[in-house]
Amino acid sequence: MDDSIEATDVPEPEWSESDVKELCTQVKPMLAESDGVHYRRRIDKLKWDEIKIGHFSSEECKEKFRHLCDLAAKHVTTNMLLSIIEKNPMAYFRTHEKKPLTPYMRYFMDCRGKYREKYQGMSVGDISRKVSEKWKILSESKKAKYVEEYRSDMAEYRTRHENGSSGMKTNPAELFVQAKLDSKLHLRPDADVNEIRRQLWEKFHTLSDRKKRKWMEKADLIDEENKSKAVAKKKTAGQKRKRNLQSKFNEPVKPHLSAYTIFSSEKLKALVNMPLAERMRQVSEMWKSQPLAEKSHYELLAAQNRRQYEFAMIQFKATLSMEELAEYERERVSNSKKGRKSDAAAQAAAAVAAAAAQNE
């Protein structure tokens, strides 16, 4: 006789309407009225160990509530979204600019609709894998279209972001709200912050054109200051890296190697009491209006600087030992943009320098 006990299938308990209502009742006190976190992230942060519904475990309650939220989200209407936005319009105001789509993502966006029609019922993940496989075997000539579009958009993006400019200017309305918010909260410490922000936002749009212009001018000044600070910060970081090499290895100081930098360094000293961005703009216009003979003078100075610097670097490297030269090249490359992107490039440069020194 077989003494083993055959396992019987125990049906999983089903959720009743009363169970779902009880689940919602227990979850509700855990949510703040002004909670702005997306429901998927909030669900993971709730204290599910404190929730007890019949024979269901805490994990089962969590998964059931997540499933219910996913189903409810599919039935959100435009009116529901509108009421959410009206309560706190500033929460949905974009404050940053997204980078352009990569060549692959552009190709994916083109192919997604076709693949959905061709493979109806297939999951998004499976469609993505098929598009990815197709992209890998796509000819370079067909990829070129997406690469060129990306490069063009990326060039415009970088132009907007040069000198620290993000392309997104300071919002005068937000500036007005921030300036008035503290005084309002001081008078009404128990008031809802989002409600006060909404009232101030509406008040700004009822101001006269003269008063609005005052906040617009303030926003323009802040943009100019931020741009100047970003330029100065970028310049300071580059100078610090150069000083580190100069102090550690006694590297020769690099002079101005182009005609324009020599010209701008002279003219910037005469321009004071104005933002750096404006000074740079004026110097650029002055350079464009210079006669050819004057530009040739600066070209000769730049050529002289380059020859002197190249000779100084040759003498400097000759004074370093093989180990010091390898270390210098490694740090020099790591400080450059290419070196920061790839440690392998820095190591290769150091290895080449060490081999060259050894051969000498």
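Which residues form a nonpolar patch on the surface, and how much accessible area do they have together? The answer is V76, M80, L81 and I84, with about 340 Å² of accessible area together. Hello everyone, and let me walk you through this one.

Two notes before we go on. This is a predicted model, where local features need pLDDT of at least 70 and side-chain atom pairs count only at pLDDT 80 or more, while totals for chains, interfaces and linings use all residues. Residues are numbered from 1 along each chain as its sequence is written, and side-chain values use heavy atoms, with hydrogens and water left out.

Back to that patch. A patch here is made of residues with over 30% relative accessible area and no salt bridge, where like charges are joined within 9 Å and nonpolar side chains (Val, Leu, Ile, Met, Phe, Trp, Tyr) within 5 Å. The accessible areas come from the Shrake-Rupley method with a 1.4 Å probe, and for residues only the protein chains shown count as cover. One member, I84, sits in helix α4, residues 78–87. Helices, by the way, are DSSP runs (H or I, at least four residues), as are strands (E, at least two), and they are numbered from the N terminus. I84 counts as partly exposed because its relative accessible area is 43%; buried means under 20%, exposed means over 50%, and partly exposed is in between, with a 1.4 Å probe and protein chains only.

Now to the salt bridges. How many salt bridges does the structure hold? There are 12, each being a side-chain nitrogen of Lys or Arg within 4 Å of a carboxyl oxygen of Asp or Glu. As a general point, side chains of opposite charge can pair when their charged atoms come close.

Let's look at R40 and D70, which form a salt bridge with their closest N and O atoms 3.0 Å apart. This pair links distant parts of the chain, since R40 is in helix α2 (residues 39–45) and D70 is in helix α3 (residues 58–73), 30 residues apart. R40 is partly exposed, at 40% relative accessible area.

Helices α2 and α3 are also linked by D44 and K62, which are 18 residues apart. Their side chains meet in a salt bridge at 3.5 Å, N to O. D44 is partly exposed at 45%, whereas K62 counts as buried at 16% relative accessibility. D44 and K62 also belong to a network of salt bridges with E63 and R66.

Further along, the side chains of R106 and E149 meet in a salt bridge at 4.0 Å, N to O. R106 is in helix α5 and E149 in helix α7, 43 residues apart, so here too distant parts of the chain are linked. Is R106 buried or exposed? R106 is buried, with a relative accessible area of 13%, while E149 is partly exposed at 34%.

Helix α7, residues 140–161, also holds R151. R151 is exposed, with a relative accessible area of 53%. The C-alpha atoms of R151 and P100 are separated by 9.0 Å, although the two are 51 residues apart along the chain. Then there is K98, in the loop between α4 and α5 (103–118). K98 is exposed, at 60%, and its C-alpha is 9.2 Å from that of Y157, 59 residues apart in sequence.

Next, the charged patches. Lys and Arg count as positive and Asp and Glu as negative, with His and the chain ends not counted; the place of a charge is taken as NZ of Lys, CZ of Arg, CG of Asp or CD of Glu. A positive surface patch is formed by K180, K184, R188, K203, R210, K211, R213, K214 and K218. R188 lies in the loop between α8 and α9 (193–204) and is partly exposed at 42%.

On the negative side, E217, D220, E224 and E225 form a surface patch. E225 is in helix α10 and counts as partly exposed at 46% relative accessibility.

Last stop, the inside. A nonpolar core is a set of buried Ala, Val, Leu, Ile, Met, Phe, Trp, Tyr and Cys residues joined through side-chain atoms within 4.5 Å. The largest one has 13 residues, of which F176, I196, L200, F204, L207 and W215 touch the most other members. Helices α8, α9 and α10 each supply at least two residues of this core, and α8 gives the most, with 5.
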